[in-house]
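Let's take a walk through this model together, one region at a time. Have the viewer open as you read.

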Amino acid sequence: MPELPEVETVRRTLERQILNKTITDVKVYYERMLENCTKEDFISTLKGKTIKKIDRYGKYLIFIFDDCSLISHLRMEGKFFIKNLDAPKEKHEHIVFTLDNNISFRYHDTRKFGRMALLNTIDKAQIMKYPALAKLGKEANDETFTEQELLNKLSKKNIFIKTALLDQEIICGLGNIYVDEVCFMSKLNPFTLTKEITIKDAESILESSRIVLAKAIQAGGTTIRSYTSSLGVTGLFQLELLVHSKENEPCPVCKTPIVKTKVGGRGTYYCPRCQTLPNKKVIGITGSIATGKTTVTTYLKEKGYLVLDADEIVKEEKKPNKLIYKALINKFDRKILNSNNEIDDKKLAQFIYESEHNRQIINKIIHPIVYDVLEDEIVKAPHGLIFVSVPLMFEAHFDSLCQKIICVKTSDDVQINRLMNRNNLTLEEAKKRIDAHMTQEEKCQKSDYIIDNSKELCYTIEQVNEIIRKEE
DNA sequence: ATACAGCCCTGAATGC
DNA sequence: TGCATTCAGGGCTGTA
């Protein structure tokens, strides 16, 4: 998707190739592309006009002619091509200009999202009064854009920083890719609320924007050679991206796998370790089955800490018309329901224990829902320590939600006895349940803290308090 | 006023 | 294999 650097590269390339050329013919194949005029007006206005100047503001290209101007926004997939006159018209070429040096200048847009508008002025100030341009904020790489100005705009809103940086009225020229890069460079979690952004953050956002845009423009500017390839949008900058589209790849700073999520409907990539929420620390609690996670979480709740529990979320979202309920019905129709139209846990358990394949199917439905709910609750939580209890922390990759992880362990004997008593299982059944998951040793090895819950309660509590002291 | 869902579009990827 | 569904997303419009 063309953002400021790509559009600037297109501008520079076009400047070299079509400046001072005169339009001898215009063909419009998709009229909805034209924002403020008919096909006939568009053609008759532009025929015979010479391209005097090519400007840009943010992601908008501005073609200046003798007595009128053309504003073009490429949106997602708009591209300009320069071709020979006899090149066959391609499916997605919607506007074709013939220039007086006998070349064909074509607008190509697979998804037809791009727009053009015609203005009967060539005065820059007048052009900038066009509604779409008038409301744009300062460009992200504008040297006169001060951190205080940006902060003032941000603090008027209460939205996620990612959403704010995509808002062209706040800061202009950044798109989905560069916003992810800017957030990463500024060490900002994309879910950070604009009201929590500090003056330092604002300074960092502007500095990162300038760096990332300058680098991208430089990279894009070196790639244009061919007359037949698209102009400018095939830049090489994607090779230098730090986080965007790098899901599961190691963070270039700390090697933690990059996480993909959604913010305001936009695919968003960030490093969970480098980009934490301000004033919040998320501490995960995990451990094998029947090791005593509940002992720990109950104590934490008594002390007044917020404890989010994956199992409780599953229970809640299984209720009629909640997320897991709907997703399961969508997959299995109504055969997993009991006579009260509730999810029948026995039927579900039976299905899960039938085969590994079935277990995976269920997990693939449930885990992402729980992950999203947890993410949402963490974002909404007040400042301070937040504990998140997830039995399958590592197996289901919930560790990316946490900054530190506690593993609760106990001795094998205690674990087996507790499981047999609690779930009314035989020794063999209990062993099978335990063996189905990652071993205690492996979980402990992946964790930052280990709580030994094999002795008296006071010993366990002492260990919890020690961790709180360190993390508060 | 502010926030947000839905819309415009097509092709690639995924699901069954 | 082939058909159907889902996803990608910038900016505009309408609604609560």
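A polar contact here is a pair of N or O atoms within 3.5 Å; within protein, one must be able to donate a hydrogen and the other to accept it, and residues adjacent in sequence count only if both atoms are side-chain atoms. This is a predicted model, where local features need pLDDT of at least 70 and side-chain atom pairs count only at pLDDT 80 or more, while totals for chains, interfaces and linings use all residues. Residues are numbered from 1 along each chain as its sequence is written, chains are lettered from A and ligands numbered from 1 in the order in which they are written, and side-chain values use heavy atoms, with hydrogens and water left out.

Start at the DNA. A polar side-chain atom of lysine 260 sits 3.2 Å from a phosphate oxygen of DNA strand C. In total, 16 residues surround DNA strand C, each with a heavy atom within 4 Å of it. By class, that surface has five nonpolar, four polar and seven charged residues; Ala, Val, Leu, Ile, Met, Phe, Trp, Tyr, Cys and Pro count as nonpolar, Asp, Glu, Lys and Arg as charged, and the others, Gly among them, as polar.

Now hop over to histidine 94, in strand S6 (residues 93-99). Is histidine 94 buried or exposed? It's buried, because its relative accessible area is 3% (buried means under 20%, exposed over 50%, partly exposed in between, with a 1.4 Å probe and protein chains only). Its contacts, meaning heavy atoms within 4.5 Å, include Tyr30, Met33 and Tyr107. A polar atom of the histidine 94 side chain also lies 2.7 Å from the backbone oxygen of aspartate 109.

Last stop: lysine 318, in the loop between helix H10 (310-317) and helix H11 (323-332). Lysine 318 is buried too, because its relative accessible area is 18%. Leaving out residues up to four places away in sequence, lysine 318 touches Ile324, Tyr325, Ile343, Asp345 and Leu348.

Note on methods:
Helix = DSSP H or I, 4+ residues; strand = E, 2+ residues; numbered from the N terminus.
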